[in-house]
Amino acid sequence: MKKPNLLYVFPDQFRQMSLGLWNNPLFNNYCSGQPDPVYTPNLDQLAQQAYILPNAVSNCPVCSPHRGSLFTGQYPNNSGVPLNCNSERVISNLEQETKCLTDVLAQSGYHVGYIGKWHLDLPTRNAPDKPGQFVDTRLPAWDSYTEPQRRHGIHYWYGYGTFDEHCNPHYYDTNGVRHEPKVWSAEHEADKAIEYLKNTNGERDESSPFALFLSMNPPHSPYESLEDCREEDLALYADKPNEFLLVRDNVDMQLDKADSVRYYFANVSGVDKEFGRVVQTLKDIGEWENTVVVFTSDHGETLCSQGLTDAKNVIYEEAFLVPYLIKLPGQQIPHVVTKSLNSPDIFPTILDVLGLSAHCPSGLDGESRAQALTENSPNSAESIGSLYIRNLDGDKDQDGNVINYFAQSRGIRTERYTLCLEVNREYKLTEILLFDNQADPYQLNNIAFSSQPKLAKQLLSRLTRELIRIQDPWAKQKVLPDLLPYPNTEEL
Amino acid sequence: MNNAHPNVIILYADDLGFGDLSCYGANNIPTPNLDKLAKEGIKFHQGYATAATCTPSRYSLLTGSYPWRNPDAAVLPGDAPQIISKEQPTLAKMFKKQGYNTGIVGKWHLGLGDGNLDFNKTISGTPNDVGFDQSFIMAATNDRVPCVYIDNRNVENLDPTDPIEVTYDWDKAFSDVPNGRHNPELLDVMYDHGHDGTIINGVSRIGHMRGGESAIWNDETMGERFADKAIDFIEQNQNTPFFLYYAMHQPHVPRIPNPKFRGATPHGVRGDVIVEMDWCIGKVLDKLEQLGLKENTIVIFSSDNGPVLNDGYKDQAIKLNGKHKMAGPLRGGKYSLFEGGTRVPFIVRWPHAICEQHSNALINQIDLYHSLAKLIGYELEDNEAPDSELHLDALIGRDAVGRRNMVLEGMQYKKVFRDGQYAYIPPHDNDFICQHTGNEKGNQSTEQLYDLFDDVGQLNNLADSMPEKVAQMQKLLDESIEKQKTR
């Protein structure tokens, strides 16, 4: 039997609420609060024959840590990528030796392609076109060039580290040649994906199944002007007032960022359109039926919720939840799966749905969710919950290199509740958040522990169990021992 | 089951009027199950069948096409060929394409076979040929022969040594089989117009049949039989999304309730069979709940056309009707160009997405095709369901307006044009009153225009005082007729 292909599309900072499909009465109930008034017809169409995971999260909702978990199946403390990568953060780097999802796919006979943003390498002075220089001209350097030996089994490469000029992107190809197409990045990446799928220039070996990862940068910031999106996409939202576009009850309309919403949505719709072109190509080449198609994001976007100007790195639903649509081969109808999906779960889940579970390395933090998808039982036991992780730079050496990280915040989100604890650098408690997302999807009422001691205890216990399981620094150092029932404390 | 596609059940009553349920104002007809359905969903005040008679409305419901586009879509005899061709797109086929299992239980009345119908053979030209995986139906109506159930493609319980013969020609009537015209002494209920053919179970029917003794249905258990079959279908398909078209025979004539429902209302058998129908629905909906399917099943209840008292039998319906208003405040009933002909109860329940509400949106059964297609992600082909407008939002209570206008049919392709406020009836050369039933058909030789905001009972003809409105409505009507498709 022919092995199924994989198409894995994950734009950056595309929040879960920004899917038009939530406005469909089939799915509306599963959206946490009001969905965005966005136009995403291609994703809506995919949803009609896909599994939809409304409880999919990005555990450490920033770019590199999510990507690290995606490709290693480990939480950021074990993946090698606890922080967003840049040239000062020497402790955050996807090691060459680590066995990644793409390595397993290549070893299993897949032709593996990667297009777009990577952001998993410690940038080094290896710019192919500027010997001895960083790719990035700024310091610390963020952007990077991924050398062939660091590509983890990926055969076809058309990527970059991280770079945020949507209409002026650049890429290095398999041979390290730099390309500057001067086209809106997602559009150019879709063009390249279409070439790969059609095998226009002999990009892939057609005798093997393919696994193509397409990581678009939009709707990542910036999204402030026509320099950050296409006019045709902006036209969908340009005339609409902020009040029409920012529909969630927890939005601060006074933020300067509020005016940016239409540019963000323009990028959302643009990504949808480009995704649609890639899907059409899959159909045209006759591989649609036989391809596992995933659409997700590396994290969400607060978009003025909770009065925040930072788009990510918080446990609030807008940043923590991600879209997750997965179509299995031959799938015809939609299924909503309310079980949680964590970033490290993706690796084993993808191998499982491709029929490659035997190739899955042991010792992963993540667990396959394939069974939850395919067995028809919404009533199976609730999962323990999804960990939330926020790390900051720790100590620096004399050269200014970040040599460890500070585990500032940990939390857990169950299918109903969100709990988050934050400490200062002395590991003293600075903030507790506790929300009932069912009653309060906008997370405006922080529940005091004293009013719900039983609930608090239960969630704290779940959080502790997960921290211990993944050997998180909080568990190793027994952070907040008065709250968290680590073994050997008087609590147990 | 975690698939997101809802199950869909269409509950379809036969000749039930706008005012015939207690949730629509019937004081003496207890219909607790439908009242509950309405309370858990949306009760529409302006829900319409496409026509004021049976076959045309059913045709439109299943094809999304106005009935007058098909010259065969008229009230059919029991041996008429199927009027939906095997190639034609249907609501059931649409569901099938999206992975649904589809079934029909109850009244079909869209013809059977492809010309040479022989009830003794496996029939080609059944619901199974136009999109239904499973079917259990009566051939036409309960007042027409043959009085047998058809289980998928074969007459149920037929003894091959006692074949069925059917004719609708008095000249070929079987002399050895008693009929109402010649053997009135054998009747339990006296026929009226045209229902004087073969006597089955003490009731003379339209048309003549001979043989098939073992296959003859029992009128008193028909309701229960259909309900049980509907339940079987739901149980068998509980793990896949399903579409069930459950077309009940009540309160169509002959009205023969199960004895336990006799006397359930002060309105005689017509009231009693409505109570029976409600009980059948309750049985099916209870099963749905029991199987855990209530939350994600869309249940739509409506009727094929308006009400009638004497529709062929002297069953005391007129005498015992008393002050009951079958069509509520509306004028006319079955066969009528007035509102009572086509405006019918219309209830939609889908706990997953709908909470209790009332809706004044203008909605027509013809729109279910397009709206449900949209809901489950099916894109209509160009020529498919040509008159089915997309009103999903109205159907689930998110749009209070619905249709802007529509063409309704009275009898024999006579049309009414309805917009948000007015009903326009062009001149028609035919009787004003149906001689047989006493229902107002509503034909007049001059234009009629009614303002339904002010005058829902259609007593005040505004045609003379509003000639511009009349001209505008006539123009829109002409345009709708001329176009190959109106959606």
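## Contacts and fold of chain B

In chain B of this predicted model, residues 24 or more positions apart make up 70% of the contacts with a separation of 6 or more; two residues are in contact if their C-beta atoms, placed from the backbone, lie within 7 Å. Local features need pLDDT of at least 70 and side-chain atom pairs count only at pLDDT 80 or more, whereas totals for chains, interfaces and linings use all residues. Residues are numbered from 1 along each chain as its sequence is written, and chains are lettered from A in the order in which they are written.

Chain B has 10 helices and 20 strands, taken as DSSP runs numbered from the N terminus (helices H or I, at least four residues; strands E, at least two). Its radius of gyration is 21 Å, close to the 23 Å of the globule rule for 487 residues, so chain B is as compact as a globular protein of that length. The radius is taken over C-alpha atoms, and the rule is 2.2 Å times the number of residues to the power 0.38.

## Helix 8 of chain B

Of the 487 residues of chain B, 58% count as buried (20 or more other C-beta atoms within 10 Å of the residue's own, with C-beta atoms placed from the backbone). In helix 8 (residues 368-375), 6 of the 8 residues are buried, namely L368(B), Y369(B), H370(B), L372(B), A373(B) and L375(B).

These buried residues pack against strand 1 (7-13), helix 2 (54-63), helix 3 (91-97), strand 13 (297-303) and helix 9 (392-395) of chain B. After helix 8 comes G377(B), with a positive phi near 80°.

Key. A residue is buried if 20 or more other C-beta atoms lie within 10 Å of its own, exposed if 12 or fewer, and partly exposed in between; C-beta atoms are placed from the backbone.
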